[in-house]
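Colleague: I am new to this structure and would like to learn how to read it feature by feature. Could we begin with the strands?

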Amino acid sequence: MNVIVLKLGGSVITDKNVENSIKWGVLKRIGNEIKSALQHLSGNTKLIIVHGGGSFGHPLASKFKRIKGYYDSEAFIAIRENMNTLASIISLLLSCLGLKASHFQSSSLFILNKGRIVKAFLDPITYSLENDIIPILYGDIAVDLSRGYDILSGDSIVAYLANYYNAIKILYATDVDGVYTDNPKVNPLAKRIERIIIVKSSIDGKYTISTRVKGDIIPHMDVTGGIYRKILDLAQYARRDLIAYIFNGLIEGNIFRAIINKPEECTVVEVKMR
Ligand code: ADP
């Protein structure tokens, strides 16, 4: 089974400035692109979709963090319900477009410790893949053995799953053309980085990342960590060589091209185990 993990960034499918808002047109176009792309792939190639929280997750998560400083059972229920609503909508919309897709509550599949995934129950996901169902997972809040509860980002799930299923490629659709030397929305002189190499030791797990970037490394608005978090998550969870593409999912045709081949403009991130 050849697995492709596709991350639909919260910035792509929701309007991050308006709470609980969905970009319906974008979502419909993406659904159609996924459907067309799958017709070009062999039956042995399977897709997993992971989506971010965007305006369904971040405002609530920031509110609880700001008011209480930690996530309690009240936060767990509120964030979980809201994210479940977004996932249901996405799953329903993709199903209406003719895709065999079903969402799985990430908080029921993963256990964290200090914010990292330490336990996962992925049998239902494997079973779905074997039966040609596209599993949809998403950034969520989950039980944390040290902290009670913590945010489980879509990016951590992507890295974990890519590793677990030995994914042939990881696709991060976001709202910019890749990773830049600085935040391209703020700094017009920022340049896109073509390739980032992560070299990781299989002996002690230590890693080096070829390029450091400026910008929102841990942005104040984004409780799950921003663009650089994707790279850090890949580095931290990797136990094998991986290849990922960070590209703009708002450009028509990009998701189609990324699934069947690779996106035109992007940053390639390679993990090399040594
Ligand atoms: P998503 O919700 O799509 O997963 P994130 O919000 O985590 O994406 O990251 C994408 C955002 O990161 C972009 O909207 C961009 O403005 C911001 N950003 C900050 N620094 C950088 C950088 N160095 N390169 C690219 N994007 C950056």
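Modeller: Helices (H or I, at least four residues) and strands (E, at least two) are DSSP runs, numbered from the N terminus, and two strands pair if DSSP finds at least two bridges between them. This is a predicted model, in which local features need pLDDT of at least 70 and side-chain atom pairs count only at pLDDT 80 or more, while totals for chains, interfaces and linings use all residues. Residues are numbered from 1 along each chain as its sequence is written, and side-chain values use heavy atoms, with hydrogens and water left out.

Colleague: Which strands form a hairpin with two residues between them?

Modeller: Strand 4 and strand 5 do, and K114 in the turn has a positive phi of about 50°.

Colleague: How many bridges join strand 7 to strand 8?

Modeller: Five bridges join strand 7 (residues 140-144) to strand 8 (residues 148-152), and the strands run antiparallel. They form a hairpin with three residues between them, and D140 stands opposite L152 in strand 8.

Colleague: Which residues come nearest to the ligand?

Modeller: A residue counts as near a molecule if one of its heavy atoms lies within 4 Å of it; of the 23 residues around the ligand, S11, K16, T174, D175 and K230 come nearest. An N or O atom in the side chain of K16 is 2.7 Å from an oxygen atom of the ligand, a polar side-chain atom of T174 lies 2.8 Å from a ligand oxygen atom, and a backbone N or O atom of Y180 lies 3.0 Å from a nitrogen atom of the ligand.

Colleague: Which element gives the most to the shell around the ligand?

Modeller: Helix 7 does, with three residues; helix 1 (10-13) and helix 7 (226-237) are the elements that give two or more.

Colleague: What is the mean pLDDT of the chain?

Modeller: The pLDDT is the predictor's confidence in each residue, from 0 to 100; the chain has a mean of 94, and 96% of its residues reach 70 or more. Over residues 218-223, however, the pLDDT is below 50. Where pLDDT is low, the predicted coordinates should not be read in detail.

Methods:
Contact = heavy atoms within 4.5 Å. Polar contact = N/O pair within 3.5 Å; in protein donor to acceptor, adjacent residues only side chain to side chain.
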